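Reader: I've got a model open on my screen and I'd like to learn how to read its aromatic rings and its core. Can you walk me through it?

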Amino acid sequence: MTDAAPPTPARDTPKSQRTRARILDCAMKLFAEIGYAAATNPRIAEEAGLTRGAMLYHFPTREALVDAAVGHIQAARLALLSAAADQGAPGGDVADQAIDSYWAALQSTPFKAFAELEAAARLDADVRQRIAAAQSEFDHAQVGEPFARMISTGAGARFQASRDLARFMLEGLARAELTYDRDTRIEHLLAVIKRATHILNRKGPPQDLWPE
């Protein structure tokens, strides 16, 4: 007779997994809404409807929570980009669709939450260390690959520049504080970003960046 398998640790039960997912969803939401510093562990526990003891059971330290939250947010960002890559309209310009999709993604909770972590990392070495792998993964297109594939399929410095131009212009625009005519200015800038991407990808004849 074989020995019975050891009991499953409490934190690995389906109920515990659901609780951990709820905590991480609340952490992501609060990072995006009120910022990393204000989203303390007690505040996250309150948002998740948990006691301090229950929170400590799942995440005994701030570091444990942040490590898990980074992975959770990264997975959510990947899911958004993968869904966008699979939902492009047939016959549409894939580069334009990618730019529109990434712009929409940047307004989402996962991307806002990660942006708040990056902002905190400027002055917090511990946060900087904990998000470094996720940043590198995204930059090397292991996570950002669906967006990179949609922007251009070519290789080389020119096509890399087209992807970087679109990505970093959109990310900078998402973080900008536009104090007047926001919608109109964003519309114009998105059009210019698309046209610049087309030029770098050599899609169609040369054209002026400003659409008349």
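**Rings and cores**

Author: Buried means under 20% relative accessible area, exposed means over 50%, and partly exposed is in between (1.4 Å probe, protein chains only). Keep in mind that this is a predicted model, where local features need pLDDT of at least 70, side-chain atom pairs count only at pLDDT 80 or more, and totals for chains, interfaces and linings use all residues. Residues are numbered from 1 along each chain as its sequence is written, and side-chain values use heavy atoms, with hydrogens and water left out.

Reader: Okay, how many aromatic pairs does a search of the whole structure find?

Author: The general idea comes first: you describe a pair of aromatic rings by the distance of the centres and the angle of the planes. Rings of Phe, Tyr and Trp (its six-membered ring) pair if their centres lie within 6.5 Å; planes under 30 degrees apart are stacked, over 60 edge-to-face, and the rest tilted. Here the search of the whole structure turns up three aromatic pairs. In one of them, Y102 and F111 have ring centres 5.7 Å apart and planes at 90 degrees, so this pair is edge-to-face. Y102 has 0% relative accessibility, so Y102 is buried. F111 is buried too, at 5%. F111 also pairs with F138: the centres are 6.4 Å apart and the planes at 80 degrees, so that is edge-to-face again. F111 sits in helix α6 (residues 109–121) and F138 in helix α7 (residues 125–139), so the pair ties together parts 27 residues apart in sequence. Helices (H or I, at least four residues) and strands (E, at least two) are DSSP runs, numbered from the N terminus. Put together, ring pairs link Y102, F111 and F138 into a cluster.

Reader: And which residue lies over the face of F111?

Author: A charge sits over a ring if NZ of Lys or CZ of Arg is within 6 Å of the ring centre and within 35 degrees of the ring normal. For F111 that's R77, at 5.2 Å from the ring centre. R158 does likewise with F159, its charged end being 4.5 Å from the ring centre. R77 also has a side-chain partner: a polar contact of 2.9 Å joins R77 to Q74. A polar contact is a pair of N or O atoms within 3.5 Å; within protein, one must be able to donate a hydrogen and the other to accept it, and residues adjacent in sequence count only if both atoms are side-chain atoms. Q74 belongs to helix α4 (residues 62–86) and is buried, at 6% relative accessible area.

Reader: Now the core. Which residues touch the most other members of the largest one?

Author: In soluble globular proteins, nonpolar side chains tend to be buried together. A nonpolar core is a set of buried Ala, Val, Leu, Ile, Met, Phe, Trp, Tyr and Cys residues joined through side-chain atoms within 4.5 Å. The largest here has 31 residues, and I23, F31, I44 and L117 touch the most other members. Helices α1 (14–34), α2 (41–48), α4, α6 and α7 each supply at least two residues of this core. The largest share, eight residues, comes from α1. Apart from this core lies another, of 17 residues, including Y102 and W103.

Reader: How many helices and strands are there in the protein?

Author: The protein has 10 helices and zero strands.
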